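User: Hello! I am meeting this structure for the first time and would like to go through it with you. Could we take it one question at a time?

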Amino acid sequence: MLSSRAANRQALIEALASSAARQLAQAVDDGRPDTAPPLVAMHRITANVLQVKSAWAFALELPADPEGEAAVLHQDIARSCIAVLKRAQDDKLIDETADLDWVRRVYYALIGESLHGNADGADPDTLATRIIDTLLHGAGPRA
């Protein structure tokens with residue numbers, strides 16, 4: 001049985017994780033993932049997510065209950081991400097044979113690296129452009 005202090009700490013962690021996840025879900029929704037053209041949605045969502053993740057970094061890294069509100073919100077966010085990537089794939093922005101779950105994981109990694117490696121202090125729009133460009137075109141030379 002958890003002590004009162006441990007239970008209070010876990011409740012605080014859950015509250016912070018849920019609040020941060022709600023902010024993240026709102027950032028995704030504000031990017032209009034279902035209605036904006038896929039490239040526009042991807043850029044908006046990325047810039048919004050970068051802002052939320054930089055402001056809520058600590059809370060988003062907390063070990064939350066796998067069946068709690070935060071986990072459910074993160075699953076919904078992942079589904080929205082896959083849906084936007086599918087729309088981008090349908091528009092020929094992503095190869096038709098690409099594994100969209102893998103593309104989503106790479107996208108998440110690019111966001112994380114951008115937040116941890118932003119030594120030049122680039123703004124969220126500049127970082128979003130860099131992330132989307134790297135996701136869609138890689139690091140190879142342009143044709």
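This is a predicted model: local features need pLDDT of at least 70, side-chain atom pairs count only at pLDDT 80 or more; totals for chains, interfaces and linings use all residues.

User: Leaving aside its neighbours within four places in sequence, which residues is Ser18 in contact with?

Analyst: Ser18 has its place in helix H1. Its relative accessibility is 6%, under the 20% cut-off, so Ser18 counts as buried. Once neighbours within four places in sequence are set aside, the contacts of Ser18 are Glu69, Ala70 and Leu73.

User: Is Ala70 buried or exposed?

Analyst: Ala70 lies in helix H4. The relative accessible area of Ala70 is 2%, and the limit for a buried residue is under 20%, so Ala70 is buried.

User: How far apart in space are Ala70 and Asp30, C-alpha to C-alpha?

Analyst: Along the sequence, 40 residues separate Ala70 and Asp30. In space, from C-alpha to C-alpha, the distance between Ala70 and Asp30 is 18 Å.

User: Now the overall picture, please. How many helices and strands does the protein have?

Analyst: Starting at the N terminus, the elements run α-α-α-α-α-α. Along the principal axes, the C-alpha atoms fill a box of roughly 60 × 35 × 25 Å. The count is six helices and zero strands.

User: What share of the contacts with a separation of 6 or more is between residues 24 or more positions apart?

Analyst: Some background on the chain first: the protein has 143 residues, and buried residues make up 36% of them. Among contacts with a separation of 6 or more, the share from residues 24 or more positions apart is 70%.

User: At what angle do the axes of H5 and H6 cross?

Analyst: Helix H5 covers residues 100–116 and helix H6 covers residues 124–137. Their crossing is right-handed. The two axes come within 10 Å, and the crossing angle is roughly 145 degrees.

User: By class, which residues make up the contact of H5 with H6?

Analyst: On the H5 side, the contact is made by Val103, Val106, Tyr107, Leu110, Ile111 and Ser114. H6 contributes Leu127, Ile131, Ile132, Thr134 and Leu135. Sorted by class, that gives nine nonpolar, two polar and no charged residues.

User: Is the aromatic pair of Tyr107 and Tyr108 stacked, edge-to-face or tilted?

Analyst: The count of aromatic pairs comes to one. The ring centres of Tyr107 and Tyr108 are 6.2 Å apart, with 50 degrees between the planes. Planes under 30 degrees apart count as stacked and over 60 as edge-to-face, so this pair is tilted.

User: Which residue has its charged end over the ring of Tyr108?

Analyst: The charged end in question is 4.9 Å from the centre of the Tyr108 ring. A charge counts as over a ring only within 6 Å of the ring centre and within 35 degrees of the ring normal. The residue that sits over the ring is Arg104.

User: What is phi of Arg32?

Analyst: Arg32 is found in the loop between helix H1 (4–30) and helix H2 (38–55). With a relative accessible area of 38%, Arg32 is partly exposed. Most residues other than glycine have a negative phi. Arg32 is not a glycine, yet its phi is positive, near 55 degrees.

User: And what is phi of Lys92?

Analyst: Lys92 lies in the loop between helix H4 (69–90) and H5. Its relative accessibility of 66% is over 50%, so Lys92 counts as exposed. Although Lys92 is not a glycine, its phi is positive, at about 70 degrees.

User: How far apart are the C-alpha atoms of Glu96 and Lys86?

Analyst: Glu96 has its place in the loop between H4 and H5. Glu96 is exposed, with a relative accessible area of 65%. Glu96 and Lys86 are ten residues apart along the chain, and their C-alpha atoms are separated by 9.2 Å.

User: One more: how far apart in space are Ala83 and Asp34?

Analyst: Ala83 lies in helix H4. With a relative accessible area of 32%, Ala83 is partly exposed. In sequence, Ala83 and Asp34 are 49 residues apart, while C-alpha to C-alpha the distance in space is 7.8 Å.

Methods. Residues are numbered from 1 along each chain as its sequence is written. Side-chain values use heavy atoms; hydrogens and water are left out. Axes are lines fitted to C-alpha atoms, for helices over the stretch in contact, and angles run from 0 to 180 degrees between N-to-C directions. Helices (H or I, at least four residues) and strands (E, at least two) are DSSP runs, numbered from the N terminus. A crossing is left-handed if the near helix is turned anticlockwise from the far one by less than a right angle, and right-handed if clockwise. Contact means heavy atoms within 4.5 Å. Ala, Val, Leu, Ile, Met, Phe, Trp, Tyr, Cys and Pro count as nonpolar, Asp, Glu, Lys and Arg as charged, and the others, Gly among them, as polar. Rings of Phe, Tyr and Trp (its six-membered ring) pair if their centres lie within 6.5 Å; planes under 30 degrees apart count as stacked, over 60 as edge-to-face and the rest as tilted. Buried means under 20% relative accessible area, exposed over 50%, partly exposed in between (1.4 Å probe, protein chains only).
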